[in-house]
Amino acid sequence: MLEITKLVKRYGSDEPVLQELDLRVAGHSVVAIVGASGAGKSTLLRCINRLVEPTSGSIKLNGTELVTLKGAALRRARRKIGMVFQGFNLIDRLTVMENVLAGRLGYVNLYQAVTRRYPQADIERAFALLERVEIAHYANKRADALSGGERQRVGVVRALMQEPEILLADEPTASLDPRTSEQIMRLLQSLASEMSLPVLINIHNVAQAKAYTERIVGLRHGKMIFDGTPAAFTREALEAVYGGIEAPDEAVTEPPAASPRKGPRGVTHDDPL
Amino acid sequence: MTTRSSADGERRVRRTWHRPPFIANRALRYGLWLAVAGYLVWALGTLPFNWERIAEGVPRAARIFGGGFPPSFDRADLLFSGFKESLQIAILATLLGVMLSIPFAVMAARNLVPRPVYVVGRAVIIVSRSFHPVIVAILFVAAVGFGPLAGILTLTLYSIGFVGKLLAEEIEEIDWGQVEAMKATGAGYFATLVYAVFPQILPRQVGLSMYQLDSNLRASAVVGIVGAGGIGSTLMNAFGRYDYDFAFAILLVIIAVILVSEGVSGWMRKRIW
């Protein structure tokens, strides 16, 4: 259970990026967070594992308050929060196995980390997860030798190695081609139910958000302006979330054509429909 | 051209072009040249050149070079032991310097350490870079006496400064996403350093070490002249005893060794990149 209450994040003295945001995620649901660039999606996710320091408010994960944690207590809390990144953020020069085992860095001591002497149970878990995502045969390959989809699967496995209580995915498919990104979304969806894990996915692609998640949260200017099922995310909701921000000319003048559209379209998000 | 000439026909402009001068102001431009020429004349006129002494020196230089021919390899054992010492100094100083440069480079990287630590790290690097090895060698010879220890200490300090500075700059430009990914797993500071930072700077580190070995070998000959051991000391003794043929042999061997080390390090660096 993740409970976010009155979360505010302000960079310097600018307008807050997140304005008293409330969000509750219970059980093991897959939640899509949609919104234009700059709406605060990424900041929200990064506040949860404190890669970004919240200005005020409260974030509780299964009863533990995360906002006030420091030092070792913060590191212990981070172990329970897996994160998948847009740019994968793998250690390119290390092997796939080392990248996956890095998910255990919060659990092993420095000597074990440096000498790669991970407990046998970790290694077995790593192989099991790699087999689950069908890349176990790459275990000894360098991470940068893999394709984009394979790299993101390594990223997902690394996050799952933490035995997380929640999974955060910050635009996990934005660096991938459409087919591969469908695969990754499907993978996140099925892993969430297999491991009964709540998953928060920041995503630009509204079609994918509707297809692979159970709940959509729409952010605009740091405020939640939509929260509901994919079926309830209508054209009006889409317009409320994205309208007039990314491609103002087109969003206003473009007629709501049902036929395949011609001409230029908004380029900063993939496909909102 | 023929199709377009009708369109541009009316307003034909002269199509000549000159590169705009670096200093736009004409007076300033020629004034600067004049000032440089004036300074040169003044400097040459006022510096104390003793033309009589120079006239005496030319035949003396001819005598030295004459005495150097043919180079004498009669005392090859002395030559060999001198070079062995130089090589040992260079290798030891490189190893020590490169190892010590890593912690100082981390301390001097703005993105990894708090401000006070950064200031200390930068200070160490700046101090060890501010003096030429010969000056440092004079100090160390005074401190620990003639011999290879002074040479090792000198070149170690020199290596820390050079490698540390370039490595710190490399650290400041790493891909921060990998650091975030390690932090997100709950990894501690040093585990993050070992996993997310060091692999990224490794190729640069190896290249710099190779270059530093090369450079230390050269410098070890120079610092020997002020008494810090190695072939430089042998060379100085040969000059002191007017053994110009032996000195000339030493110079030839130095050139040969530098050429070989340059070739080897260039080849190795090419393999690693």
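1. Start with helix α3 of chain B, residues 51-68. Its 18 residues reach 26 Å from first C-alpha to last, close to the 26 Å expected at 1.5 Å a residue. The expected span is 1.5 Å times one less than the number of residues. Helices (H or I, at least four residues) and strands (E, at least two) are DSSP runs, numbered from the N terminus. α3(B) is hardly covered, with 0 buried residues. Buried means that 20 or more other C-beta atoms, placed from the backbone, lie within 10 Å of the residue's own.

2. This is a predicted model: local features need pLDDT of at least 70, side-chain atom pairs count only at pLDDT 80 or more, and totals for chains, interfaces and linings use all residues. Residues are numbered from 1 along each chain as its sequence is written, while chains are lettered from A and ligands numbered from 1 in the order in which they are written.

3. Now chain B as a whole. It has 11 helices and 0 strands. Of its 273 residues, 35% count as buried. The C-alpha trace spans about 85 × 70 × 40 Å along its principal axes.

4. Turn to helix α6 of chain A, residues 148-161. Its end C-alpha atoms are 20 Å apart, which agrees with the 20 Å that its 14 residues should span. Is α6(A) enclosed or open? 12 of its 14 residues are buried, so it is largely enclosed by the rest of the structure. Among the buried ones are Arg151(A), Val156(A) and Leu160(A).

5. Just after α6(A), Glu163(A) takes a positive phi of about 50°.
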